[in-house]
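Visitor: I am new to this structure and would like to learn how to read it. Could you walk me through it, one feature at a time?

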Amino acid sequence: MGQAESSAQPQLPRKGFTQRRKGAAKDAKSIRLYKGFSQLWIFVCTVLYAAPAARFAEHTVATGLTGGYQVVAVDVNHDGKIDLVALASGMHELVWFENPGWQRHVIASGLSGMINLAAWDLDGDGIPVIVLASGFSMEAKKSAGVVSVLRHNGDPRQPWSMREIDRLPTSHRLRWADIDGSGKKVVINQPLTAATVDHPEDHAHTPLVFYRPGEWKRETISEQDEGVVHCIYIVDWDGDGRDAILTAGFTGLHLFRFGKDGHWSRTEIAQGDPTPWPKSGSGDVAVGHLGTRRFLAAIEPWHGNKVAIYQESGGIWQRRVIDETLADGHTILAADLNGDGSDEVVAGYRGKGVNVYYAPGWRKVVLDSSMAAAACAIADLNGDGRADIACIGAATADLKWYENLGPAAPK
């Protein structure tokens, strides 16, 4: 029986079925051609109708900032102009430059291992209170992680007073955040690694903490992130007036929210670069908008070479890599630079470069190929209503601002 079945002729489909199958194949081919044409047409329209890139004029504010690491744009002296605070890890002075002449003033001296600061007008006098992290080392067991509060003494052009409030090894990123929507901000402190590791790449849980002004007592948010956590980004994620904390590290992008019940929650947004540890995850992150639609921009992995864009679809944040040419990527921002209602992405890298990526196609324009950008800030520095860019260089030890001249006039 089995032999007879194996030697039987195969059953051929009826003629009508064959014709229908050929017709279906033809229809499928037509659909593919239509989809391909539609995608091409969308791309052509994007290129033809995208707003022109903004033009920038480069200005040098200062040189000799050894180990330039962070620039903060804030009105330091309550004159209505945005000044620049420059933090350089290789220097012993924290300085600010007064807009518009960019005169240099010393905030504090006798410091070492400065790594990050956050500035906000805490008492309503129009002059910010600065929280500073210093005594930093990549080796956790050698990192003092000093956290200090600095206040002016009446004239912000003169040296400020400084008070130490905590020591948490590898304290690395500080930000002010209104976590409960009360208008009263707290200071978020994200160490780079756990205090117990021998190397940054070691597996260990990294703390995330905050301080309430006045008490300045350390309170734990979480110890769930693992490995290096290089960046925190403060954002009103739910549009309810309560700031959330977006972290970027070896385990990807995570969102921390302080609930009305007084407890913190942690949500995974994306896992970042899929390469195995320690080349996994994300190094820096920013939030932007294309019209009303939110996107995330990330440098991946830690000190990585990629710029990735995340857009949410069906509850999943889809990852798209738009550049893989960065050398030691270290800072990323999002802002509308050309006035088209959608945010561009600015990425800086310490291997010398600052790029601008223009939505919606993410066309890359090199802003500066000589700046070893460790950090950038975006603010209207000359009061013309346009978003300017300021960057500080690590190996280049310089501070520059890039004046936004607006998009080129159509020809």
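Visitor: Which residue forms an aromatic pair with Phe250, and how are the two rings placed?

Guide: The partner is Trp277, and the pair is edge-to-face, with 4.9 Å from centre to centre and 80° between the planes. Trp277 is partly exposed, with a relative accessible area of 25%.

Visitor: How many aromatic pairs are there?

Guide: The count comes to nine. Among them is the pair of Trp102 and Trp401, which is tilted: the centres are 6.3 Å apart and the planes make 50°. Trp102 belongs to the loop between strand S4 (94-98) and strand S5 (103-108), and Trp401 to strand S28 (residues 399-407), so this pair ties together parts 299 residues apart in sequence. Both Trp102 and Trp401 are buried. There is also an aromatic cluster made of Trp120, Trp176 and Trp216.

Visitor: Let us go back to S15. How do I read a strand and its neighbours?

Guide: Strands of a sheet pair through backbone hydrogen bonds, either parallel or antiparallel. Here four strands form an open sheet in the order S14-S15-S16-S17, with antiparallel pairing. The edge strands are S14 and S17 (264-270), each of which pairs on one side only. On average, neighbouring strands of this sheet are turned by 25° against each other, direction ignored.

Visitor: Which residues stand opposite each other in these pairings?

Guide: Take the pairings in order. Strand S14 (residues 229-235) meets S15 over six bridges, and Tyr233 has Leu246 of S15 as its bridge partner. Five bridges join S15 to strand S16 (residues 252-258), where Gly249 stands opposite Gly252. S15 and S16 form a hairpin with two residues between them. Six bridges then join S16 to S17, and Phe258 stands opposite Trp264.

Visitor: Which way do the side chains of a strand point?

Guide: In a regular strand the side chains alternate between the two faces of the sheet. In S15, Ala244, Leu246 and Ala248 point one way, Ile245, Thr247 and Gly249 point the other way, and all are buried. Strand S15 (residues 244-249) is thus mostly covered, with six of its six residues buried.

Visitor: Which residues touch the most other members of the largest nonpolar core?

Guide: Val85, Leu94 and Ile107 do, in a core of 38 residues. Strand S7 (residues 129-134) gives the most to this core, with five residues. Setting aside residues up to four places away in sequence, Val85 touches several others, including Val72, Leu94, Trp96, Ile107 and Leu117. A second, separate core has 19 residues, including Leu84, Ala88, Leu381 and Trp102.

Visitor: Where should I be careful with the prediction?

Guide: The mean pLDDT of the protein is 91, and 88% of its residues reach 70 or more. Over residues 1-22, however, pLDDT is below 50, and this stretch has one contact beyond near neighbours in sequence. Residues 31-48 also stay under 50, with three contacts beyond four places in sequence.

Notes:
Residues are numbered from 1 along each chain as its sequence is written. Side-chain values use heavy atoms; hydrogens and water are left out. A nonpolar core is a set of buried Ala, Val, Leu, Ile, Met, Phe, Trp, Tyr and Cys residues joined through side-chain atoms within 4.5 Å. Buried means under 20% relative accessible area, exposed over 50%, partly exposed in between (1.4 Å probe, protein chains only). Contact means heavy atoms within 4.5 Å. Two strands pair if DSSP finds at least two bridges between them. Axes are lines fitted to C-alpha atoms, for helices over the stretch in contact, and angles run from 0 to 180 degrees between N-to-C directions. pLDDT is the predictor's confidence in each residue, from 0 to 100. Rings of Phe, Tyr and Trp (its six-membered ring) pair if their centres lie within 6.5 Å; planes under 30 degrees apart count as stacked, over 60 as edge-to-face and the rest as tilted.
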